[in-house]
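Please read the paragraphs below alongside the sequence and the coordinates.

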Amino acid sequence: MLDFLASATPAIFGFPVASGVVLASGKSWKTLRQFSLTTTRDFGMGKQSIEKLIQNETQHLVEELWKSQGKHWSGQGMKALTEESSDPEREFHHKSLLTVVQLFFAGTEISSTTLCCALLLLLKNPDVLGHYCVPHINSALHDSQYFEKPDITYPGHFLDVEGNFRKWEAFIAFSMGVALANGERWRILRRFSLTILRDFGMGKRSIEERIQEEAGFLLEELRKTKGAPTEPTFFLSRTVSNVISSVVFGRRFDYEDKMFLKLLQMINGSFIEMSTPWAQLYDMYSGIMQYLPGRHNRVYYLIEELKDFIASRVKINEESLDPQNPRDFIDCFLIKMHQDKNNPHTEFNLKNLVLTTLNLFFAGTETVSSTLRYGFLLLMKHPEVEAKIHEEIDQVIGPHRIPSVDDRVKMPYTDAVIHEIQRLTDIVPMGVPHNVIRDTNFRGYILPKGTDVFPLLGSVLKDPKYFRYPDAFYPQHFLDEKGRFKKNEAFVPFSSGKRICLGEAMARMELFLYFTSVLQNFSLRPLVPPADIDITPKISGFGNIPPTYELCLVAR
């Protein structure tokens, strides 16, 4: 039936036409299909033996399955290739070895993707499971201090002598570091981090001068574009990252430094990967998902590379440490580690140093640069808003003086626009996960102690009770009837409460100084009509990722 159809070869597959059993046609397809069916049946497909193999491989999961599949099929392919080498019309040639790739691809990706989709459906229909847990987005650490057999799958790691589940604090790698720590660890690391950040100028005139200096370097780079179409992502991430780098690493990086550019690419890539549906699924079922192939594994390797870089910086600092003259955040942490070296319960250890530094470096780079990127896009979509900012800059700052934080109180419209950009873009909509420290009754629901809670900041930032046009770009949300800036208690892009963003003061300073510096010197020109600009996030998950775009920066 349907014998009038043959295979088509989509260009995206990148395979030669008529190669391999999936995309071949005619005689070639018949020969390869017959061989593939016979050989797969010889190895048990459709028989009791393959069932036993599947049962065995379910325990060892995908890694062992890959090893056994590769060994068997490679041998059969080479055997057939040798036997048919003298036949000029043979179908067993090097191109037909694509059959192996196709069988491997189909036998791996379809089943694993189906499993991932099944887990996603279970999330949508929790009543099917009855209950589910929400672990953090990390797998267990391989620390022999905590785990008897750190490099193999051994459920006994999480059972006590009576067979009851036990929780290890070492299970969640990111429970260390200031961003995702809890309890006393969080209090100690947050207090220390705030103190050191303030010592190095956060919220003070000295950090303002660093931002102004970096804004100057940014303007130099933007002038080099000479009004040509430019993709702003790494222009903005380089300048913003150098501000936090000067605090945590004690230095700024040259904009062409290859290691620096690689770091920024990894940070940007991590932020994107953390926001994909696969990452959200991993967040819910890391115990299973860590063993399945797929995109969700990328973020783990990106974060590990970032941790390796920071560990290397720690080593460099250790070798030249002067306890009397700390140069940066890492030095201060190392000094505290040395002071507490005889305290077995200290939170000042290498893991907390690496992860706290990563927390600060990551958050201090990606969130502000993404907000700037999104802000420029919104201003191009609403040129009348940009025109009013230019007018306010000309009146208050003028064309030559460097903008300062003191100008903000005299520029209510610009301040309102920046607030509205933060409100509407909602860069981290899920906030940072919190943990319930005791059984809590919340609106009729019991949240047991230890439950992870994600504060959905967007539910407040777009609450119509507080914002007249919650889904529109409307700077008047932050202006009173006389045009003066007005605060709004529902403005919580930095979260709220005790765990409000560590770097709020610095981020607010950066946003104002970068926006005013760029708009003092340039007009933003889109490559399409404003009405055609799409502001829909490229990806929306842990973060709202700005769409990729180009713009022209025309000197004023």
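In the UniProt record, an unreviewed entry, the feature "binding site" is placed at Cys501. The model shown here is predicted, and the annotation may be inferred rather than shown by experiment. Cys501 is located in the loop between α17 (458-461) and α18 (504-521). Its relative accessible area is 33%, and because buried means under 20% and exposed over 50%, Cys501 is classed as partly exposed. Which residues does Cys501 contact, once its neighbours within four places in sequence are left aside? They are Arg190 and Phe494.

Aromatic pairs come next. The structure holds 14 of them. One is formed by Tyr469 and Tyr474, whose ring centres are 4.8 Å apart and whose planes stand at 85 degrees, so this pair is edge-to-face; the angle cut-off for that class is over 60 degrees. Both tyrosines are partly exposed, Tyr469 at 36% relative accessibility and Tyr474 at 24%. Another pair consists of Phe478 and Phe485, with centres 6.3 Å apart and planes at 10 degrees. Why does the pair of Phe478 and Phe485 count as stacked? Planes under 30 degrees apart are counted as stacked, and the planes of this pair are at 10 degrees. The centre distance of 6.3 Å also lies within the 6.5 Å limit for a pair. The two partners fall into separate accessibility classes: Phe478 is buried at 1%, whereas Phe485 is partly exposed at 27%. Elsewhere, ring pairs join Phe249, Phe253, Phe260, Phe309 and Phe361 into a cluster.

Rings also take part in arrangements with charged side chains. Arg423 lies over the face of Phe467, 4.9 Å from the ring centre. The charged end of Arg408 sits over the ring of Phe512, and here the distance to the centre is 5.8 Å. That value is within the cut-off of 6 Å used for a charge over a ring.

A search of the whole structure finds twelve salt bridges. One of these connects Glu273 with Arg298, with the closest N and O atoms 3.4 Å apart. This pair links distant parts of the chain, since Glu273 belongs to helix α9 (residues 258-273) and Arg298 to helix α12 (residues 298-319), 25 residues apart. Is Glu273 buried or exposed? Glu273 has a relative accessibility of 8% and therefore counts as buried, while Arg298, at 46%, counts as partly exposed.

Arg327 and Asp331 meet with an N to O distance of 2.6 Å. Asp331 counts as buried, at 0% relative accessibility, and Arg327 counts as partly exposed, at 37%. In the second, the side chains of Arg401 and Asp407 meet at 3.0 Å, N to O. Arg401 is partly exposed at 36%, whereas Asp407 is buried at 2%. Salt bridges that share partners also join Glu273, Arg295 and Arg298 into one network.

A buried position in a helix gives another local view. Thr371 is part of helix α14 (residues 350-381). With a relative accessible area of 8%, Thr371 is buried. Which residues does Thr371 touch, not counting those up to four places away in sequence? They are Ile421, Gln422, Ile427, Leu511 and Phe515.

The overall figures can now be set beside these local views. The protein has 18 helices and eight strands. Of its 556 residues, 46% are buried. Among contacts between residues at least 6 apart in sequence, 69% join residues at least 24 apart. The accessible surface of the protein amounts to about 29,900 Å², and carbon and sulfur atoms account for 57% of this area.

Note on methods:
Residues numbered from 1 in each chain as written. Predicted model: local features only at pLDDT ≥ 70, side-chain atom pairs only at ≥ 80, totals over all residues. Heavy atoms only, no water. Helix = DSSP H or I, 4+ residues; strand = E, 2+ residues; numbered from the N terminus. Buried < 20%, exposed > 50% of the residue type's maximum accessible area, 1.4 Å probe, protein only. Contact = heavy atoms within 4.5 Å. Phe/Tyr/Trp six-rings, centres within 6.5 Å; stacked < 30°, edge-to-face > 60°. Lys NZ or Arg CZ within 6 Å of the ring centre and 35° of its normal. Salt bridge = Lys/Arg side-chain N within 4 Å of Asp/Glu carboxyl O. Areas by Shrake-Rupley, 256 points an atom, 1.4 Å probe, with all protein chains shown as cover.
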